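Open the model in your viewer and keep the selection tool handy.

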Amino acid sequence: RTAPKIRPPEIEWYIGTVEQYLENLDPSVSFNLIFMRNLIQFLDREWVVFTLLPTLKNHLAPKGTIAIRTFFREPDPPFQKPCKSLYTPEYLLSLFADFTVSYKRQFSRRGPDLIGVIRNFYLTDLIVSHVPNRNVILQP
């Protein structure tokens with residue numbers, strides 16, 4: 001993939017995989033907002049729980065926010081390649097027990113996918129904000 005032709009200077013553009021991005025993430029970088037839409041269901045659950053989320057939490061600014069949209073069930077009709085992991089709001093909440101929940105929802109909607117195929121999507125939304133100085137043990 002290539003970066004857009006118009007690139008606002010305040011946005012850092014990175015073309016690559018999530019795994020590559022985390023490997024090269026500067027330890028001093030912090031984010032006020034992390035938004036993941038239709039991403040984690042295509043990644044291995046163990047990697048999401050034990051690598052991705054802890055790394056992002058460590059790079060979240062105080063009072064920073066993480067917003068996630070993912071699948072709790074395979075779409076109908078399903079994709080040719082199935083999802084690697086599915087997440088209910090309750091499961092995601094267990095991974096953010098040390099955060100303040102701003103919004104959570106589980107719902108379905110019918111609409112086109114990225115190539116125009118009409119599907120029923122079964123979605124989980126979660127928005128949480130960082131509350132410092134609390135620990136949680138993560139389990140896949």
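Strands here are DSSP runs of E with at least two residues, helices are runs of H or I with at least four residues, and both are numbered from the N terminus. What you have open is a predicted model, in which local features need pLDDT of at least 70 and side-chain atom pairs count only at pLDDT 80 or more, while totals for chains, interfaces and linings use all residues. Residues are numbered from 1 along each chain as its sequence is written, and side-chain values use heavy atoms, with hydrogens and water left out.

**Stop 1: the sheet**

Select strand 1 (31–37), strand 2 (60–76), strand 3 (99–112) and strand 4 (118–130). Two strands count as paired if DSSP finds at least two bridges between them. You are looking at an open sheet of 4 strands in the order 1-2-4-3, with mixed pairing. Strand 1 and strand 3 are at the edges with a single partner strand each, so one side of each has no neighbour in the sheet. From one strand to the next, the twist averages 10 degrees; the angles are taken between N-to-C directions, on a range from 0 to 180 degrees, with axes as lines fitted to C-alpha atoms.

Now go through the pairs. Strand 1 and strand 2 are parallel and share 6 bridges; pick Leu33 and you will find its bridge partner, Thr65, in strand 2. Strand 2 and strand 4 run antiparallel, joined by 9 bridges, and Arg73 sits opposite Tyr122 of strand 4. Strand 3 and strand 4 are antiparallel too, with 13 bridges, among them the pairing of Arg110 with Asn120 in strand 4.

Follow the chain from strand 3 into strand 4: the two form a hairpin with 5 residues between them, and Gly116 in the turn has a positive phi of about 100 degrees. How many residues of strand 4 are buried? The count is 10 of the 13, so strand 4 is largely enclosed by the rest of the structure. Buried means under 20% relative accessible area, exposed over 50%, and partly exposed in between (1.4 Å probe, protein chains only).

**Stop 2**

Select Lys63, which is in strand 2. Although not a glycine, Lys63 has a positive phi of about 65 degrees. Is Lys63 buried or exposed? Its relative accessible area is 71%, and Lys63 is exposed.

Next, click on Asn38 in the loop between strand 1 and helix 2. Here is another residue that is not a glycine but has a positive phi, of about 55 degrees. Asn38 is partly exposed, at 31% relative accessible area.

Then move to Pro77, in the loop between strand 2 and helix 3 (89–95). The peptide bond joining Asp76 and Pro77 is cis, with omega about 0 degrees.

**Stop 3: the largest pocket**

A pocket is an open set of points on a 1 Å grid over the protein atoms alone, where a 1.4 Å probe fits and protein lies on both sides within 12 Å along at least five of seven lines; lining residues have an atom within 4 Å of a point. The largest pocket has a volume of about 1,500 Å³. Select Val18, Phe35, Met36, Arg37 and Leu39, which lie nearest its centre among 35 lining residues. Strand 1 supplies the largest share of the lining, 6 residues.

Methods: Grid points are joined across faces, edges and corners, and a volume is the space filled by probe spheres set on the points.
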